[in-house]
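Hi,

Here's the structure I promised to pass on.

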Amino acid sequence: MIKQAIIPLAGLGTRLLPLTSVFAKELLPINGKPGIEYILDECIEAGITEVIFIISQKKLMIKKYFYNDKFYKDIIKRKKDPRILNEYKKILKYKKIIKFVFQEKPYGTGDAVSKTKKLIKDKYFLMLLPDDLIIKQNCSKSMIAVHKKYNASVMASMKVGKNEVSRWGIYNIKKKIDNKNFIIQSVVEKPSVKEAPSNNAVIGRYILPKTIFHKLSKLKPGKGGEIHITDAIQSLINDNDKFIGHNFSGKYLDCGTMKGYINSTLEISKKWNCAW
């Protein structure tokens with residue numbers, strides 16, 4: 001059973017400037033709730049018992065957010081406000097499952113993942129990218145069910161516009177399993193529109209094998225001088241590791257751009273009966 005999740009948080013969030021010049025993008029409120037809490041709630045409901053945050057010195061405010069006990073204790077003592085007490089209890093619940101590791105320079109998602117090597121205990125672990133919210137259905141929970149059934153790595157999947165492929169990891173399908181799942185033949189990071197093998201995109205949810213750390217240690221920087229997780233995944237596929245693409249049922253929200261961030265708040269504020 002998958003019990004650990006990792007969340008890369010060291011990125012600078014330049015697409016959300018000027019907000020991120022003073023504030024971590026993962027703490028920006030989405031309908032009154034920090035974006036990172038939606039990701040944590042998804043993990044907890046999916047059965048995750050330990051979440052590893054990968055941060056940098058520039059993102060220390062994320063750690064402070066979860067370790068600001070004196071602030072809460074002082075204000076609860078003065079205010080006697082049940083709402084504040086409930087907020088503090090929620091933070092304490094999160095804090096029990098969170099660990100922190102550091103990625104000092106933004107060398108890509110693959111490099112961020114490699115920083116967690118010593119903490120991963122089991123054969124597989126979950127990775128979530130905080131820019132990608134999936135609401136109405138718990139994507140991580142459904143992916144864990146697919147992993148359990150097929151004993152394989154799993155990546156969340158959806159089709160994107162043909163002119164948008166250069167934003168994503170894009171893959172080819174090798175074999176269809178059923179209406180929602182298929183075996184991936186190959187994956188490439190942010191291809192050009194002409195070079196893209198399809199418009200099937202990997203969205204920010206992955207179930208990865210612990211063996212990926214060995215692949216990451218041998219990778220050379222790819223596009224943009226970064227270590228890409230997709231390159232390590234392709235290396236594993238070349239070794240006949242099975243990766244399953246999973247077409248999730250929830251609604252995808254892009255929180256990584258200003259337009260997407262604003263739209264996410266509007267969508268969540270519709271008070272859907274979201275399942276987390």
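First, a term for what follows: buried means under 20% relative accessible area, exposed means over 50%, and partly exposed is in between (1.4 Å probe, protein chains only). Helices (H or I, at least four residues) and strands (E, at least two) are DSSP runs, numbered from the N terminus.

Some housekeeping: this is a predicted model, where local features need pLDDT of at least 70 and side-chain atom pairs count only at pLDDT 80 or more, while totals for chains, interfaces and linings use all residues. Residues are numbered from 1 along each chain as its sequence is written, and side-chain values use heavy atoms, with hydrogens and water left out.

Let's start with helix H1. Nine of its 11 residues are buried, so it's mostly covered. The buried ones are Gly35, Ile36, Glu37, Tyr38, Ile39, Leu40, Asp41, Glu42 and Cys43. Glu42 counts as buried because its relative accessibility is 1%. The Glu42 side chain also makes a polar contact with the side chain of Arg205, at 2.9 Å (a pair of N or O atoms within 3.5 Å; within protein, one must be able to donate a hydrogen and the other to accept it, and residues adjacent in sequence count only if both atoms are side-chain atoms). Just after H1, Gly47 takes a positive phi of about 95°.

H1 (residues 35–45) turns up again at the largest cavity, where it gives the most to the lining, with three residues. On a 1 Å grid over the protein atoms alone, a cavity is a set of points where a 1.4 Å probe fits but cannot get out, and lining residues have an atom within 4 Å of a point. The count comes to one cavity of 30 Å³ or more, and the largest has a volume of about 100 Å³ (the space filled by probe spheres set on the points, which are joined across faces, edges and corners). Its lining includes Gly35, Ile36 and Ile39, along with Leu16, Lys25 and Tyr261. The lining divides into eight nonpolar, one polar and three charged residues; here Ala, Val, Leu, Ile, Met, Phe, Trp, Tyr, Cys and Pro count as nonpolar, Asp, Glu, Lys and Arg as charged, and the others, Gly among them, as polar.

Last, some backbone angles. Most residues other than glycine have a negative phi. Lys136, though not a glycine, has a positive phi of about 80°; it sits in the loop between strand E7 (132–135) and helix H6 (139–150). Lys190 has a positive phi near 45°, in the loop between strand E10 (181–189) and strand E11 (200–209). Lys136 counts as partly exposed because its relative accessibility is 36%, and Lys190 is partly exposed at 37%.

Cheers

Note on methods: 1 Å grid on protein atoms, 1.4 Å probe; cavity = no way out; pocket = protein on both sides within 12 Å on 5 of 7 lines; lining within 4 Å.
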